[in-house]
Amino acid sequence: MSDRIVFPPPPAPDAIEWPGSPLGLSNVITRTRTRTALHDKAVDRQPGRRDQLVRAAVTHLIRAAGSDPVYQHDVIIHGVRVRALTNSDHLYDFWVDNWFSPREWQEATGRVPPRDPHVLVYALGGVSDQPEAAYYSRATNTIVFFNTAYYGQLKSWVLGAVGRVLAEEQGIHSIHGACVEKAGRGILYIAPTGTGKSTSSYGLVSHPDTRFHSDDWVYVRYLHRTRDGRQMHPQAVNLPGGGRIAGYRVFRWLRERAVGGATVSGVDLEEREVTVPVEALDLEAPVDAYAFPSEKIFYLRTNLVENFPLAAPRMLQAKLENVPDVTPAFLQAHDRQLEDLADTLLASAGPGLEGLARDDLKRTLARLIAFDNARAMLDVGAVLPPQRVYANPLEPTRLHTVILLRRDREDPTVAERLDLAAFISRLLVGETPARTREVAYNAYRAVDDAAERAFIDGLLEAVGARQGRVDPEALYRAFRAHPQAPETLQEEFELFEVLHRACRCYGLNTVLTADPAVRGLKEAVALTLDLIAALVEEAPDPLRLTLQTYREFLARPASRRLS
């Protein structure tokens, strides 16, 4: 698409960020607009490597003292304090907007934040003796970025590092997903890029009795019930003979090996500490899953306006990243789409577009949709009424439905209820629309990707997977029975098993444009949203809807969808 979009060139060969053509409050272009070519999340395998990287970062800060600005700013992400040191104006600007500062966290939640940072981040440009690279040390909860100002990778790696801390120490599940609440029921979307996660989450908010929760990342706590009617999220078990089990391991112990005399400690939904003997837990009762938002201001793709053009005026008042210029060839190729978007916006007569000629509006919209990694730092509370947006990061929604999105035009299945094996297997393989693999649909998990992929490839070979065809039951059994599964996979999928126990889980294939009766993308999106709403209301188990049968399901009254 190089003949259709244009980024202004850097002012100097070593520049990592510079102004783009004006748009919004600001429009920063970053030299790296995706993951760095060199990225290593397993530096702990090399003794001393983490210290070497930190020394390089500190040495640069000392040498540049007085000439480069250096920013230090702490934020609180689901109760974990993270400290960032950077000399990038852009990274600092987006970092401050994206997350709650300790003061903001306390004001929003009423909770005193931790005093000391648990995760430390160095993000430095202009380090001439280092390549453009990203590094992560799990042993010390340290992230080091050199010579990149792309905020998307920094944000995702920080979320991954915080997620590892929360899972291992508190049993809190960090999920790359979007969440919306409808009629008091939380809906969690987990999906690879390009399958409609943002479209589904923002689109459903157009339905009545909905609240917007999260765009990109949620924290899920799994609550057990006590015999006297209380709820608690278990975080640790103290064994009667000594010893302690903590974090994600607690859930399997409670399910399989709970013994008398142990005590279980954790918190309730109000963050109050709870300690009970294991006998006080009703282990036969359902487990409840509660999702918590992560971000203060949302970092999201500007091409959201393709399906929700009414978000454009607010986006044009936001800080932007990597919004390109477009060529006449792009405008010509997308003219029909741009005309439709302009019609919708001009008909709305909303604020923010005054004095903008139609051709200028079309060119502006074209810039917003032209590059998939163009981003905006958007306050969703300014787009939707405040009462329809979760603003308190410790206000949960109870999850009712989990939807794994995919886009496979070769499969006529539109929606299906997923049993445990199918749910775990689909996430384990993580096949994207491009037939690549992405474990848990999260390319930024703080793990040794190579080790995990090699392990999964071995499982697939062992169960005889051929040409992308996998027997979910065989893969699930092989995974659970394997004595040497990487700890990071055990951690992730132990928590996903609890999620499946707590929620109704579906696979949704966003391919309704393949229905000959559907007239264009707009109608396909609307029907998909209606289908999601119907699944949340009531749906039979088992369920499998195809391109030939989904309309019949939608046409039934809710009371008959169970049959």
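View 1. Everything shown here belongs to a predicted model, in which local features need pLDDT of at least 70, side-chain atom pairs count only at pLDDT 80 or more, and totals for chains, interfaces and linings use all residues. Residues are numbered from 1 along each chain as its sequence is written, and side-chain values use heavy atoms, with hydrogens and water left out. You will find Asp-209 in the loop between helix H5 (197-204) and strand S13 (210-214); helices (H or I, at least four residues) and strands (E, at least two) are DSSP runs, numbered from the N terminus. Asp-209 is not a glycine, yet its phi is positive, about 60°. Most residues other than glycine have a negative phi.

View 2. Look for Glu-271 in the loop between strand S17 (263-267) and strand S18 (273-277). Glu-271 is partly exposed because its relative accessible area is 29%.

View 3. Is Asp-515 buried or exposed? With 8% relative accessibility, Asp-515 counts as buried. This residue lies in the loop between strand S26 (504-509) and helix H15 (521-537). Leaving aside residues up to four places away in sequence, Asp-515 touches Leu-547, Tyr-550 and Arg-551, where contact means heavy atoms within 4.5 Å. The side chains of Asp-515 and Arg-551 are also joined by a polar contact of 3.1 Å. A polar contact is a pair of N or O atoms within 3.5 Å; within protein, one must be able to donate a hydrogen and the other to accept it, and residues adjacent in sequence count only if both atoms are side-chain atoms.

**View 4. Cysteines without a disulfide.** A disulfide is a covalent bond between the sulfur atoms of two cysteines. How many disulfides does a search of the whole structure find? The search finds zero, taking a disulfide as a pair of cysteine sulfur atoms within 2.5 Å. For Cys-179, the closest cysteine sulfur is in Cys-503, and at 9.5 Å that is too far for a bond. Cys-505 is in no disulfide either, with the nearest cysteine sulfur, again that of Cys-503, 5.9 Å away. Cys-179 is buried, at 0% relative accessibility, and Cys-505 is buried too, at 1%.

**View 5. An open sheet of five strands.** The strands follow the order S2-S3-S21-S23-S20, with mixed pairing; two strands pair if DSSP finds at least two bridges between them. Strand S2 (17-19) and strand S20 (298-301) are the edges, each pairing on one side only. From one strand to the next, the twist averages 30°. S20 pairs with strand S23 (residues 375-378) in the antiparallel sense, over four bridges. Here Leu-300 stands opposite Ala-376 in S23. Helix H4 (residues 151-170) lies across S20, strand S21 (319-321) and S23, at about 125° to S20. For such angles, axes are lines fitted to C-alpha atoms, for helices over the stretch in contact, and values run from 0 to 180 degrees between N-to-C directions.

Conventions. Buried means under 20% relative accessible area, exposed over 50%, partly exposed in between (1.4 Å probe, protein chains only).
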